[in-house]
Amino acid sequence: MSKLNIGIILGSTRQGRVSPQVGQWIKEIADQRGDANYEIVDISDYNLPFLGTTDGSEPGIAAWNQKLGELDGFVFIVQEYNHSITGALKNAIDFAREAWNNKAAGIVSYGSTGGARAAEHLRGILGELLVADVRVHPTLSLFTDFENGSVFKPQALHLDNVNAMLDQVVAWSGALKTLR
């Protein structure tokens, strides 16, 4: 059986964002495992317009759906804005439908409360799209895991949770692949 393809989705497009640092950290941990092919998927690379403001012919929309279709599972890097996920992530999620179905996802969140409220909102959205989110959820604090809010310096205690989350994402992604 070939290795699963897991996308690490960066959930922010904002200037000065720290999600690339968090995503790279997750990828480095994941790559050491050797149990799947992991890649960073940056929604900002797709230049998605706002949903409903276009005829849908922009090449980024098709490329986004194609990329999602190639993946067996996801790890979302989610930052909390106003107690929820970013508008850019919600927009990107809404530009696909079937490409999400019957796949698994893990969530790594950050914010003043570890991004917990954003993660909970994302879970409801993923359920509607037939994405099974896994239980283990690493939460990162802006106060203890980031220096000056801009340099990511994760505490060592997160490593066990990240690996447990990845265990679940790989297991569930493999099981759900049989449905597709």
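Reader: How many aromatic pairs does a search of the whole structure find?
Author: Happy to start there. This is a predicted model, where local features need pLDDT of at least 70, side-chain atom pairs count only at pLDDT 80 or more, and totals for chains, interfaces and linings use all residues. Residues are numbered from 1 along each chain as its sequence is written, and side-chain values use heavy atoms, with hydrogens and water left out. Rings of Phe, Tyr and Trp (its six-membered ring) pair if their centres lie within 6.5 Å; planes under 30 degrees apart count as stacked, over 60 as edge-to-face and the rest as tilted. On that basis, the number of aromatic pairs found is 8.

Reader: Which geometry do the rings of W25 and F152 have?
Author: The two residues sit in distant parts of the chain, 127 residues apart, with W25 in helix 1 and F152 in strand 8 (residues 151–152). Helices (H or I, at least four residues) and strands (E, at least two) are DSSP runs, numbered from the N terminus. The ring centres are 5.2 Å apart and the planes stand at 75°, so the pair is edge-to-face.

Reader: Is F152 buried or exposed?
Author: Buried means under 20% relative accessible area, exposed over 50%, and partly exposed in between (1.4 Å probe, protein chains only). W25 has 15% relative accessibility and therefore counts as buried. F152 has 10%, so F152 counts as buried.

Reader: Which residues touch the most other members of the largest nonpolar core?
Author: A nonpolar core is a set of buried Ala, Val, Leu, Ile, Met, Phe, Trp, Tyr and Cys residues joined through side-chain atoms within 4.5 Å. The largest one has 29 residues, and those touching the most other members are I9, W64, F76 and W100.

Reader: Which helix gives the largest share of this core?
Author: At least two residues each come from helix 2 (59–70), strand 3, helix 3 (87–94), strand 4 (103–111) and helix 4 (116–128). The largest share is 5 residues, and it comes from helix 4.

Reader: Which aromatic cluster includes W100?
Author: Leaving aside neighbours within four places in sequence, W100 is in contact (heavy atoms within 4.5 Å) with residues including W64, F74 and F76. The one aromatic cluster is made up of Y46, W64, F74, F76 and W100.

Reader: Which residue in strand 2 is the bridge partner of G7?
Author: Two strands pair if DSSP finds at least two bridges between them. Strand 1 and strand 2 (residues 36–42) run parallel and are joined by 7 bridges. Within strand 2, the partner of G7 is E39.

Reader: Why is strand 1 largely enclosed by the rest of the structure?
Author: Strand 1 also pairs with strand 3 (residues 73–79) in the parallel sense, over 5 bridges. Strand 1 (residues 4–10) is largely enclosed because its buried residues number 6 of the 7.

Reader: What is the radius of gyration of the chain?
Author: The radius is taken over C-alpha atoms, and the globule rule is 2.2 Å times the number of residues to the power 0.38. For 180 residues, a compact globule would come near 16 Å; the chain agrees, with 15 Å.

Reader: What is the phi of N148, which is not a glycine?
Author: Most residues other than glycine have a negative phi. N148 lies in the loop between strand 7 (146–147) and strand 8, and at 74% relative accessibility it counts as exposed. Its phi is positive, at about 55°.
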